[in-house]
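Subject: Structure for your review

Dear colleague,

Please find the structure below, followed by an account of what was found in it.

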Amino acid sequence: MNEFTIFLLALIIMAAIFSHLRAGRFKRMAESITLKCDTAMASALSAKKSLLETMNSISMPCLVVDGQGKVTFANRAMEISSGFQGMSGRNYLEFIKEPGFIRALQDIRRHGKPLDTEISLWRKVFLVSFSIFGDTGNILVSLRDVTAEKEVEKIKKELVTNMSHELKTPLTAIKGYGETLRDEVTGEPRKYLDVILKHADRLISIVNDILSLSGLEETKPELVPVDISDLIRETSSLFSEKMKKRKIELILDLDESNRIVPGDRFKMEELFINLIDNAVRYTDEGNISIRSFLKDDLLNVTIRDTGIGIPERSLPRIFERFYVVDKSRSRETGGTGLGLSIVKHIMMLHKGNIEISSRLGSGTEILLKFPLHS
Ligand SMILES: Nc1ncnc2c1ncn2[C@@H]1O[C@H](COP(=O)(O)OP(=O)(O)O)[C@@H](O)[C@H]1O
Ligand SMILES: [Mg+2]
């Protein structure tokens, strides 16, 4: 064995020892990685399990729908409410066929904005919230059962409507006999009678507004072509005397080529009477301008006044029943606080939209948007 052979042998032995050592290190590394993976997997599984348990213990029905309409998750409350088992993995249309729900899902996919809407499902009424999350187009749908609240609301409304019907006859009698008596008396008694009659008129207005509102809720109007320009001219002319007396100028700027919308003429008359009445009632000087124009395939109508305006804090409540900004002014001018609720309802029946903007001391603008096709 010469020196070179010894050197070669030593080299081979060293390489074998080194590779053995390396193999051992790699093995340990591989084992440690496997352990870490196992731990991560176990904690992910445990997190998933606890998330599922949490979602299942929520009493609110929840559902996740993916971009293709497949249910990727439905909690226990959802399966109990709907009466369907094993919703996950199936298309939501197998369980929910309500057009309002389908429309809301399409809307949120198109606009991406969270959406809350009331929908009747499985013989119950739900307030349904839709929100999109992640970049996969998953939509979380959560439902709040408001059936009982709706029922109480319905009973309350029925009570008020029935009372209003009952009040109509005695009020008409009070007004009729009061007017007859007023012609017979003079002096102090006449003054008292005037006060009685003023209050009787106010009660009659409230009763009529309540009945009008409940009538709007009960009936679905049949929409026929209505000429909005004509209607605005006719209804605004009813106020010309009042405006003349108060030196308020009326400015009409109506689009004569786009004027026909599907509507209920009588209800639309009621709508414009209420809005023009408000503009006149809450304007001391200046003008009222009514404009119509086509925008985004909708017929827009604006009614703008230079009146007292509405404080910003009151705007969110302005369409509520009986809400008035200044009770004494509204009462003084014979208001009931029901006009704008009626208007909002009429717009809903026409599948239209109403917006209000106002600045205290400088005026108010109402924007109505009517669809051109039913
Ligand atoms: N054009 C307007 N200018 C100023 N305030 C208005 C106008 N329209 C409505 N309001 C305010 O909104 C309240 C509610 O309006 P509405 O429902 O028509 O009731 P009202 O019977 O009092 O007119 C009014 O009492 C008034 O405070
Ligand atoms: Mg009014």
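Which backbone atom of Thr336 lies 2.7 Å from an oxygen atom of ligand 1, and what kind of atom is it? It is a backbone N or O atom of Thr336.

Before the remaining findings, the conventions are as follows. This is a predicted model, in which local features need pLDDT of at least 70 and side-chain atom pairs count only at pLDDT 80 or more, while totals for chains, interfaces and linings use all residues. Residues are numbered from 1 along each chain as its sequence is written, chains are lettered from A and ligands numbered from 1 in the order in which they are written, and side-chain values use heavy atoms, with hydrogens and water left out.

Ligand site

Ligand 1 is surrounded by 19 residues (a heavy atom within 4 Å of the ligand). The closest are Asp305, Ser330, Thr336, Gly337 and Leu340. Two further polar pairs (N or O atoms within 3.5 Å) involve oxygen atoms of the ligand: one lies 2.9 Å from a side-chain N or O atom of Tyr282, and one lies 3.1 Å from a polar backbone atom of Val325. On its own, ligand 1 has 530 Å² of accessible area (Shrake-Rupley method, 1.4 Å probe), and the protein covers 96% of this.

An automatic or database domain assignment divides the protein chain into domain 1 (57–145), domain 2 (147–219) and domain 3 (221–374). The C-alpha centres of domain 2 and domain 3 are 24 Å apart. Twelve residues of domain 2 are in contact (heavy atoms within 4.5 Å) with 15 residues of domain 3.

Buried here means under 20% relative accessible area, with a 1.4 Å probe and protein chains only. Leaving out residues up to four places away in sequence, Leu271 touches Val343, Ile346, Met347, Leu368 and Phe370.

Individual residues

Ser358 lies in strand β11 and is buried, at 16% relative accessible area. Its side chain makes a polar contact of 2.9 Å with the side chain of Thr364, and a polar atom of the Ser358 side chain lies 2.8 Å from the backbone nitrogen of Ile310.

Ser229, in helix α6, is buried with a relative accessible area of 1%. Beyond its neighbours within four places in sequence, Ser229 is in contact with Leu254, Asp255, Glu256, Arg259 and Ser292.

Met87 is placed in the loop between α2 (76–82) and α3 (99–111) and counts as buried at 0% relative accessibility. Residues touched by Met87 include Leu63 and Met78. The C-alpha atoms of Met87 and Leu63 are separated by 9.1 Å, although the two are 24 residues apart along the chain.

Yours sincerely

How values were computed. Polar contact = N/O pair within 3.5 Å; in protein donor to acceptor, adjacent residues only side chain to side chain. Helix = DSSP H or I, 4+ residues; strand = E, 2+ residues; numbered from the N terminus. Buried < 20%, exposed > 50% of the residue type's maximum accessible area, 1.4 Å probe, protein only.
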